[in-house]
Amino acid sequence: MKTVFHNLSPDDTPRVRVRFADRELMLRDGANLAAELLAAGVMPFRHTPVSGAPRAPFCMMGACFDCLVLIDGVTRRACMSEVSEGLEIAVPGKADHD
Amino acid sequence: MIEADLVIIGAGPAGMAAAAQAADCGLSVLILDEQPRPGGQIYRDVDRAAPRHGAILGKDYTDGLGLTDRLDHPNIACLFGTSVWQIDPQAAVSFSRDGRGGVARGKRLLIATGAQERPMPLPGWTLPGVMTAGAAQILLKASGVVAERAVLVGTGPLLYLVAAQMVRAGTPPLALVETQTRSDFLRSLRHLPAALLGSRTLLKGMGLLATLRKAGVKRYKAAKDIAVEGTDRVTGLRFAHGGQPHQLECDTVLLHHGVVPETQATRSLNLPHRWNARQRAFHPVTDRWGRTALPFIFVAGDGAGIGGAKAAAYEGTLAALEIARDLGALSDGDRDLAAHPLRLRLWMERAIRPFLDTAFPSFAAALAPADDTLVCRCEEVTAGAVRRYAALGCLGPNQLKAFGRPGMGPCQGRMCALTVTELLAVHHGTSPKTIGLQRVRPPLKPVTLGEIAAMEGQGEQSTL
């Protein structure tokens, strides 16, 4: 997989298992979820309910709502969420809004 | 219900400085902030990132430690990870935290919600891989994550800062595609004498440019016809430079053309707002202490008008002094004595703004995007659709919601409100001031029914 983002931090944070759609990822515990997903090569994060266009984080400060993911069935902004063990993340798509 | 003398929304420079000053005057302070740790966006996560990446991010960033340190005060309580979704005119603040709702009420409320980057609608700006330059900086601050093959697009000092930080991180951007022109620069020169009062900032800017030059980062100035390329994600950037078409392959495009006040909270209160023609943005009307038309509610920092982090801290302190006087904790004389040197520094800090605003004006093609460019990212409404609705007789941004839904998606207009107003103003041959912005209604941030059902403090009270 092509590296688009890389992490400068020393890899001293324990990693935990997170499921994103059908992928299993090992992400840094307590880190910003959107940043960790980007660093793990996840792209896009979702498809829009209007046209099905792919989207990924844009503002990283909770304003644009483009990094929306489903965590335990609730739509959340990935950039405002933190990684924790066993997180189950689903991708919102057109079907969720029909 | 949590009660305090002063409730502050936002733990950026304005909020933190206000909290420290108010606490020093003996007031009880409660700060609410959406992020897990203090700093706002400018000093985002400074307590954790300064020791790790301080050398990359620079001294202007690590200076934020001076403010976060002062939150450690017996009179200050902080609720982080807290989203405020409603403010009523009596200054009661409803919020969500850890899946539960709550209400906080202060004798005074300070709104210190800062700025957001001005949306920059260009062809392809919704593709995965396009972010704001500020987003790239947040990734670096909060997570130590850098984009590998990025092109920075737009204008303004932040573009140079982010580029220099990427150079220092060992991942220089592929290029800067800048939109300001030579005539912008010439126009800005008449503001240069005043800007020399902020010569420290000017010198820093020149230092950043030297860093970019030394690293061999290519800069294209006065770029036009900019479009992001890609189908499922960014694959490149197309633009015209010096009359020639150019194409750069890249994985990430970072956009920036200035910052604007975040006015969702003040607009939700129906406070009067003023159009600033030079900064092309609205800000709430306040007196010189930050007091709004609702006398118990104050605004400080970039949310009251763009001045930058240092100015925000001075404004926060000034608001806190007036609030302390209001509540009988400070005499008029002591307030003025403390305020006088701050006003001088604030004036010096603001002196550079006319120069910066004129030298790096927002990109005209993003203020009036081409017909097929999306302006509302959520509801996927194009500039052409907005123009069509205007031609059908739609006069204002609120009516426009009924015509075509711009501003009605999850971001609640944060990404399209200014563009919609600019488009309607041009179409109707009037000023954005006349058109105004979309009305904002609570909830300001999404809240679940469960969080409202689990509202704590119904009936019970706790006082800080």
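I take contact to mean heavy atoms within 4.5 Å. I note that this is a predicted model, in which local features need pLDDT of at least 70, side-chain atom pairs count only at pLDDT 80 or more, and totals for chains, interfaces and linings use all residues. Residues are numbered from 1 along each chain as its sequence is written, chains are lettered from A in the order in which they are written, and side-chain values use heavy atoms, with hydrogens and water left out.

**Entry 1: chain A against chain B**

I looked up the extent of the interface and found 42 residues of chain A in contact with 51 residues of chain B. The buried area (accessible area, 1.4 Å probe, that two parts lose on being put together, summed over both) is about 3,700 Å², with 57% given by carbon and sulfur atoms. On the chain A side, Leu8(A), Phe58(A) and Met61(A) lose the most area to chain B, together 19% of what that side buries.

Five salt bridges (a side-chain nitrogen of Lys or Arg within 4 Å of a carboxyl oxygen of Asp or Glu) join chain A and chain B. I recorded one of Arg76(A) with Glu451(B), at 3.6 Å from N to O.

The chain A side that touches chain B divides into 25 nonpolar, nine polar and eight charged residues, with Gly placed among the polar.

**Entry 2: strand pairing across the chains**

Strands here are DSSP runs of at least two residues, and two of them pair if DSSP finds at least two bridges between them. I find E1(A) joined by three bridges to strand E9 (residues 145-147) of chain B, in antiparallel orientation. Within this pairing, His6(A) stands opposite Val146(B).

**Entry 3: domains 2 and 3 of chain B**

I used an automatic or database domain assignment, which gives chain B domain 1 (2-116 + 260-330), domain 2 (119-257) and domain 3 (364-430). The C-alpha centres of domains 2 and 3 of chain B lie 26 Å apart. Eight residues of domain 2 of chain B touch eleven of domain 3 of chain B.

These two domains of chain B bury about 820 Å² between them, 68% of it from carbon and sulfur atoms. Pro119(B), Pro121(B) and Trp125(B) supply 62% of the area that domain 2 of chain B buries there, more than any other three residues. The touching side of domain 2 of chain B holds six nonpolar, two polar and no charged residues.

Technical notes
Helices (H or I, at least four residues) and strands (E, at least two) are DSSP runs, numbered from the N terminus.
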